[in-house]
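This report goes through the side-chain contacts of one protein chain. Please keep the sequence and the model in view while reading.

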Amino acid sequence: MNSCVLCNYAKDAEQTILFENDLYACLSQHEENLVGSCVIIPKAHRKTVFDLTPAEWEATKDLIDKTKAYLDTKYSPDGYTIGWNCGLAGGPNISHAHLHIIPRHADEPYAGRGIRSWIKSEENRRQ
């Protein structure tokens, strides 16, 4: 997968590698509105979360724990939004499995709104 940006994560100057294990990497994303936001990605190209192996699931948990400890110390969030996007309707911008870990703070305008809040809104009702 030479063209996949996440398969080539080490070459992306816009990402910082926070943690790695044999199967996964945790990348810090530098987005102004998502301070502390990270993605955990399998090093092997997996199109969606449904394609992960049992060993990759275990490695995911390892990096979730390390990432949370790091973010708790660095940003002291009041909560987290964590999620996978799969398939075209699910909204991934990159066709390589990646788990978003986003620290959340009580003083955010959308604090208290989880992943489902905008999906279940009236504006998103299927016709």
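How many salt bridges does a search of the whole structure find? The search finds seven, a salt bridge being a side-chain nitrogen of Lys or Arg within 4 Å of a carboxyl oxygen of Asp or Glu.

## Basis of the values

The model is predicted, so local features need pLDDT of at least 70 and side-chain atom pairs count only at pLDDT 80 or more, while totals for chains, interfaces and linings use all residues. Residues are numbered from 1 along each chain as its sequence is written, and side-chain values use heavy atoms, with hydrogens and water left out.

## Salt bridges

One of the salt bridges joins the side chains of Arg46 and Glu56, at 3.0 Å from N to O. This pair links distant parts of the chain: Arg46 is in the loop between strand 3 and helix 1, and Glu56 is in helix 1, ten residues apart. Helices (H or I, at least four residues) and strands (E, at least two) are DSSP runs, numbered from the N terminus. Glu56 is buried, with a relative accessible area of 3%, whereas Arg46 is partly exposed at 23%. Here buried means under 20% relative accessible area, exposed over 50%, and partly exposed in between (1.4 Å probe, protein chains only).

Helix 1 also holds Asp65 and Lys61, four residues apart, about one turn of the helix. Their side chains meet in a salt bridge of 2.6 Å, N to O. Asp65 is partly exposed at 40% relative accessibility, and Lys61 is partly exposed at 46%. Lys66 and Asp62 likewise both lie in helix 1, four residues apart, and form a salt bridge of 3.5 Å, N to O.

## Nonpolar cores

Which residues make up the largest nonpolar core? This core has eleven: Tyr24, Cys26, Cys38, Ile40, Val49, Leu52, Ala59, Leu63, Leu71, Leu99 and Ile101. A nonpolar core is a set of buried Ala, Val, Leu, Ile, Met, Phe, Trp, Tyr and Cys residues joined through side-chain atoms within 4.5 Å. Strand 2 (24-29), strand 3 (38-42), helix 1 (54-75) and strand 5 each give two or more residues to this core. Helix 1 gives the most, with three residues.

Apart from this core lies another, of seven residues, among them Cys4, Tyr9, Val39 and Ile41.

## Aromatic pairs

Two aromatic pairs are counted; rings of Phe, Tyr and Trp (its six-membered ring) pair if their centres lie within 6.5 Å, and planes under 30 degrees apart count as stacked, over 60 as edge-to-face and the rest as tilted. Phe19 and Tyr70 form an edge-to-face pair, 5.8 Å centre to centre with 80° between the planes. Phe19 in strand 1 (residues 15-20) and Tyr70 in helix 1 are 51 residues apart, and the pair links distant parts of the chain.

The rings of Trp57 and Trp84 are also edge-to-face, because their planes are at 65°, with the centres 6.0 Å apart. Trp57 lies in helix 1 and Trp84 in strand 4 (residues 79-84), 27 residues apart. Trp57 is partly exposed at 41% relative accessibility, and Trp84 is partly exposed at 24%.

## Surface patch

Ile115, Trp118 and Ile119 make a nonpolar surface patch of about 330 Å². Patches are made of residues with over 30% relative accessible area and no salt bridge, with like charges joined within 9 Å and nonpolar side chains (Val, Leu, Ile, Met, Phe, Trp, Tyr) within 5 Å. Accessible areas come from the Shrake-Rupley method with a 1.4 Å probe, and for residues only the protein chains shown count as cover. Ile115 is found in the loop between strand 5 (99-104) and helix 3 (116-119). At a relative accessible area of 42%, Ile115 is partly exposed.
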